[in-house]
Amino acid sequence: MRHMPKYSEIGSDYLMEKNEATVYVQASFDYSHFLPEHDRCFPLHGHTSLARMEVCGNIDAGGMVIDFGDAKRILSEALSALDHKLVTNRRYCRAEGGHIIVSHGEYAFTLPADRVCILDGEGTCENINDALLGLLAARMPDNATSVSLEISEGTNKGSRRTKRLRSPRCAEP
């Protein structure tokens, strides 16, 4: 009969052979947008979306790539940049006092500046993902090798982007 290793032996052997792992956290957020150049998405509308952040990296001395609490906080803080806000293209905006005036075609909104998330492009799922990924990448720990963000736009559709942060550091032989 073959020897079955104890659980602690399996875990120890695995960690010695492979020092990289991927962990994830998720959070939901809500936003509104309009896409003037798109027939179906032109009218102002909103989405409840799910963001899933994956962090790939080397397992640290504490046995983690990143603490789940830290990962949740980082994702939540990034999402606050657009949660419950109008996400729109910079070219439709102008600042006036503490407000942003958003106008295009039939639309003209005057909103408090803190209720608008301004992007360099249209408020598409892909552009939202790119903007958020930049915020997330800047907050990753030194042992992280990449960060990925998947955003659903409603159900059964979305965008996924990955940013390589640094080359993986291989475990010592």
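Reader: Of the contacts between residues at least 6 apart in sequence, what share joins residues at least 24 apart?
Author: In this predicted model, 63% of those contacts join residues at least 24 apart.

Reader: How many helices and strands are there?
Author: The protein has three helices and nine strands. Starting at the N terminus, their order is α-β-β-α-β-β-β-β-β-α-β-β.

Reader: And what percentage of the residues is buried?
Author: Of the 173 residues, 38% are buried. The accessible surface is about 10500 Å², and carbon and sulfur atoms account for 52% of that.

Reader: Switching to confidence: what is the mean pLDDT?
Author: The mean is 88, with 86% of the residues at 70 or more.

Reader: Which element has the lowest mean?
Author: Helix α1, residues 7-17, has the lowest mean pLDDT among the elements, at 47. Helix α2 has the highest, at 98.

Reader: Where does pLDDT stay under 50?
Author: Over residues 13-17, and for that stretch the model has two contacts beyond four places in sequence.

Reader: Now the backbone. What is phi of His84?
Author: Phi of His84 is near 60 degrees, which is positive in a residue other than glycine. His84 lies in the loop between α2 (68-79) and β3 (85-89).

Reader: Is His84 buried or exposed?
Author: His84 counts as exposed because its relative accessible area is 52%, and the cut-off for exposed is over 50%.

Reader: What about phi of Asn156?
Author: Asn156 is not a glycine, yet its phi is positive, about 65 degrees. Asn156 sits in the loop between β8 (144-152) and β9 (158-164). Asn156 is exposed, with a relative accessible area of 79%.

Definitions and conventions. Residues numbered from 1 in each chain as written. Predicted model: local features only at pLDDT ≥ 70, side-chain atom pairs only at ≥ 80, totals over all residues. Heavy atoms only, no water. Helix = DSSP H or I, 4+ residues; strand = E, 2+ residues; numbered from the N terminus. Buried < 20%, exposed > 50% of the residue type's maximum accessible area, 1.4 Å probe, protein only. pLDDT = per-residue confidence, 0-100. Contact = heavy atoms within 4.5 Å. Areas by Shrake-Rupley, 256 points an atom, 1.4 Å probe, with all protein chains shown as cover.
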